[in-house]
There are 2 protein chains.
Amino acid sequence: MAEQEKLILVTNDDGITSPGIRALIEAVRPLGRVVVVAPDSPQSGMGHAITIGVPLRLNQVEIFEGIEAWQCSGTPVDCVKLARDKILGRKPDICVSGINHGANHSINVIYSGTMSAAMEAAIEGIPSAGFSFLEYDYKADFSLPAKVAREVTERMLQNNLPAGTLFNVNIPIVEEKDFKGLKICRQADAKWVEEFDERRDPHGKKYYWLTGEFKNRDVGEDTDVWALENNYASLVPVQFDLTNYKLKKELEEKWKDL
Amino acid sequence: MAEQEKLILVTNDDGITSPGIRALIEAVRPLGRVVVVAPDSPQSGMGHAITIGVPLRLNQVEIFEGIEAWQCSGTPVDCVKLARDKILGRKPDICVSGINHGANHSINVIYSGTMSAAMEAAIEGIPSAGFSFLEYDYKADFSLPAKVAREVTERMLQNNLPAGTLFNVNIPIVEEKDFKGLKICRQADAKWVEEFDERRDPHGKKYYWLTGEFKNRDVGEDTDVWALENNYASLVPVQFDLTNYKLKKELEEKWKDL
């Protein structure tokens, strides 16, 4: 008997009409049956938000030839939850999210809707990966990111990885001849130094735009930021047990009198 | 010279008018100068969302006697960013978030706006804690959670804790005579089993409400869920380096051919 065809859930946070998700679909469609469930509008910066206060809409759309696709009014995490409960019928073999227009390395994993969608699937025990391309441009050339996404997805499907496996993959802006390949990394200790741009509306009232500068305070050569600066694509295995075991141990000593 | 007065940033995700934040302000005001920056409307389930696509509003309000307070149109994370950049003038000595109406133990740390606000401050190097009370009722009696919040905040201010210290504190529904105290825990391996409630609007179109059942698959007696079930308040030290170092090491062996 032939092996069962792999079921691949594709989602993102830039919205179902973004070029990045189209590139990802094309990259992984040779590997199994692809089903797309993605937001109907851009959801960047949504983190692990879920929709509680308003009901969700879900509509089938025909925008990818030969591919079952649904758009959802909610967040990337909502998309994964709805896909699992209302669309797929069985647990998918993998969930891939992206390809995001813009970086999600280092601390950005926490703000990223792309990664939150993948994390939601991983919590469900589905091996998952988020892919992000450092190029923000809508018209970016996705051929290198697509190759990387294809290779990672194929490896994930072939390997027997632990339940809850979750990868954060970022792809640099680099010509293919200079690309050095994929590097397994840790999350760089970096952060955003925020400045809000203060303006006044036509009625004289203040409002603020979030803006900021990215600061890498990590000099390690095993980080995702280092890899990307050196023409590698970075792959960080991500966990969702957020317990700080080191500090836990320290406190158990220090706060014995609790 | 007298020691500088401690500067305490208070925020939450239920909104500035919720009883929980009022209880937290009262609990910590004897410990220093309190400044409140909180969302102007409920933001539950917002995870680590930030506001990118629309500008933010920030208005000073007088609803807590003798306390400087600001309401913000954004998410809990936006509140912390704005507080730091536009209001406080200096890095606060601590950030406390809550007291949330409802649990944020185990995997809920990932979906929680309460915890995301605290995490944002911790990324900035500010020792931070989120407090959540298992009672959802708007009219809940916050006296026990307030006592716990006061004790934890006081300990955090007195102890020289590492930069980036972040605590997830949950308080059970229990009579004070049966309360067993605070217990340092790890995050339980639990998840939500989602079911969407499918309905039809007056025009016959489907819509969905998120609903779900909480499943704890962790039998350990060192978890937050166990502590809460046994009349302890739980304190989980939380990290924001999400690298899965164990899997990273495995992959470095397994995927040598990269």
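The model is a predicted one, in which local features need pLDDT of at least 70 and side-chain atom pairs count only at pLDDT 80 or more, while totals for chains, interfaces and linings use all residues. Residues are numbered from 1 along each chain as its sequence is written, chains are lettered from A and ligands numbered from 1 in the order in which they are written, and side-chain values use heavy atoms, with hydrogens and water left out.

**The interface**

Begin by colouring chain A and chain B separately, and select the 78 residues of chain B that are in contact with 78 residues of chain A, contact meaning heavy atoms within 4.5 Å. The area buried between chain B and chain A is about 7300 Å², and carbon and sulfur atoms give 61% of that area; buried area here is the accessible area (1.4 Å probe) that two parts lose on being put together, summed over both.

Next, look for paired charges, since the rule finds eight salt bridges across the interface of chain B and chain A, a salt bridge being a side-chain nitrogen of Lys or Arg within 4 Å of a carboxyl oxygen of Asp or Glu. Select E194(B) and K81(A), which form one such bridge with their closest N and O atoms 2.7 Å apart. On the side of chain B that touches chain A, helix α6 (residues 245–254) of chain B gives the most, with seven residues; helices (H or I, at least four residues) and strands (E, at least two) are DSSP runs, numbered from the N terminus. That side of chain B has 40 nonpolar, 14 polar and 24 charged residues, where Ala, Val, Leu, Ile, Met, Phe, Trp, Tyr, Cys and Pro count as nonpolar, Asp, Glu, Lys and Arg as charged, and the others, Gly among them, as polar.

Then select K191(B) and E124(A), a salt bridge whose closest N and O atoms are 3.3 Å apart. Because K191(B) lies in strand β9 (residues 190–200) of chain B and E124(A) in the loop between α3 and β6 (128–133) of chain A, the pair joins two chains.

Grid points are joined across faces, edges and corners, and a volume is the space filled by probe spheres set on the points.

The largest pocket holds about 700 Å³ of space, and its 30 lining residues include A103(A), Y136(A), W192(A), I50(B) and I52(B) as the closest to its centre. β10(A) gives the most to this lining, with five residues.

For the largest cavity, with a volume of about 200 Å³, select H48(A), I110(A), M119(A), I110(B) and L242(B), which lie nearest its centre among 16 lining residues. The lining of this cavity divides into 12 nonpolar, four polar and no charged residues.

**Backbone details**

Finally, show the backbone at G98(A) and I99(A), joined by a cis peptide bond with omega about -10 degrees; I99(A) is found in strand β5 of chain A. In chain B, the peptide bond from G98(B) to I99(B) is cis, with omega near -10 degrees, and I99(B) lies in strand β5 (residues 94–101) of chain B. End at S106(B), which is not a glycine but has a positive phi of about 50 degrees, and which sits in the loop between β5 and α3 of chain B.

Note on methods: 1 Å grid on protein atoms, 1.4 Å probe; cavity = no way out; pocket = protein on both sides within 12 Å on 5 of 7 lines; lining within 4 Å.
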